[in-house]
Amino acid sequence: MKQRKKSAAGWTVLFVLLAVLSLLCTAAIYLRVWERLPASLAAPTGTIAPETLAQTEPPVSTQPVQTTQPEPTQPQVSTLTLVAVGDNLIHNMVYRSGQFSDDNWNYDHLYAQVKDDIQAADLAVINQETMFVSDHANVSSYPLFGTPREIGDAVYEAGFDVILHATNHVMDMGIENIYDAIDYWSDKDVTVLGIHRSEADARTPAIVEKNGIRLGMLNYTYGMNGFQLPEDQTYAVDLLDNEEKLLADIAYCEENADLTVCFLHMGTEYATTPSAAAKEQVLQCVQAGADLLICCHPHVLEPYETVTADNGNQAVVYYSLGNFISAQDQFDRLIGGMAQVTIRKTVSDGRTTVEITDYSMTPLVTHTATGTDYAVYKLDDYTDELAARNLLVHMTTQRIWQRYHEIVGEDG
């Protein structure tokens, strides 16, 4: 029996040794797997892997940080081209050129040579110096002008968009002719400035919008050749001596438009340099906020320039565009100018800027003649042959160019 007990004990020891060996092998395998696991997985929940205990800062990446930048918005740019001409001064030679019979009056020939330039502009402006009459029996010349309405038809056909009526001849044929002019233009696609049918109309300046650009436009005259408006109708014509209204109108345009344009009928007749009074008037308007000023009345050209007021406001100023067409028989009075202005509006990231990017002048010549040869020409298109046949003043194109630059400067 002892022999058998001894044998059983041996088996027991062997079994224990095998069990211990098995546990050791399992532990070794477990340790090898543990070493190969990432620290974050090797650590039990709620514990920190030994490898991370020494880290106080996250590891610095050597790769550039990828960020998403918003796409820049494309600026929205719009432009507007404006042309303006001087005094449409209708003397008897001018209206007789298109008087073919009692029932046939036509004046398209007067503007045919410059029509393409007028129609190419986004906005074209003319100073209609003389007032229309509906009855041909009332057609007249200097000193009290009564202009056939057919002149207005030709002006409209040529492509003018803005009509200036605040001139020193606005009352030549009486207050009713002012209202007749308003009625005449009412069924045409034009903006009439400087005259008004009612006080309510006079209180609100015109805002003309083209190509997304809003232009506030004013037209004032220095006087009416001694005529006075009826006391109950002083609203009918915009007068420069009404300074309070002028400044209020500029302020309105500054508030409600992108650019303020003033057309002022003023200056010294036949003077080729602006008077001190005209410069003072211009400066007052620039100080108030006007951005572009185009003036008429002297019947001859004057220079143009940029003017800066004391408060830093800046404007482009044409002191006189001279006559557009007339029958005046002096050399300087047959030379006119077409102002050409480019305006640009830029909207970028919610910010809007409006600026005059270019301004210049194209010289014009009135070719006086009989019949339909009567016309206004660009000096570029005027020939010595035509100049020699000019009925009122014989000239050469070289002399015209010379005089033009004497007045406006070599760069004009």
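1. The face of helix α9 that is turned away from the buried side carries Glu244 and Glu255, both exposed, where exposed means over 50% relative accessible area, buried means under 20%, and partly exposed lies in between (1.4 Å probe, protein chains only). Helices (H or I, at least four residues) and strands (E, at least two) are DSSP runs, numbered from the N terminus.

2. This is a predicted model, in which local features need pLDDT of at least 70 and side-chain atom pairs count only at pLDDT 80 or more, while totals for chains, interfaces and linings use all residues. Residues are numbered from 1 along each chain as its sequence is written, and side-chain values use heavy atoms, with hydrogens and water left out.

3. On the buried side of α9 are Lys245, Leu246, Asp249, Ile250 and Cys253. Seen down the axis, these buried residues fall within an arc of 135 degrees, so they line one face of the helix; the arc is that of the directions from the helix axis to the C-beta atoms. They pack against α8 (199–203), β10 (213–221), β11 (259–265) and α10 (276–288), with contact meaning heavy atoms within 4.5 Å.

4. In the largest nonpolar core, which has 42 residues, Leu215, Met217, Ile294 and Tyr318 touch the most other members. Such a core is a set of buried Ala, Val, Leu, Ile, Met, Phe, Trp, Tyr and Cys residues joined through side-chain atoms within 4.5 Å. A second, separate core of 33 residues includes Tyr111, Ile126, Phe132 and Trp185.

5. For the chain as a whole, there are 12 helices and 18 strands, and buried residues make up 47% of the 412 residues.
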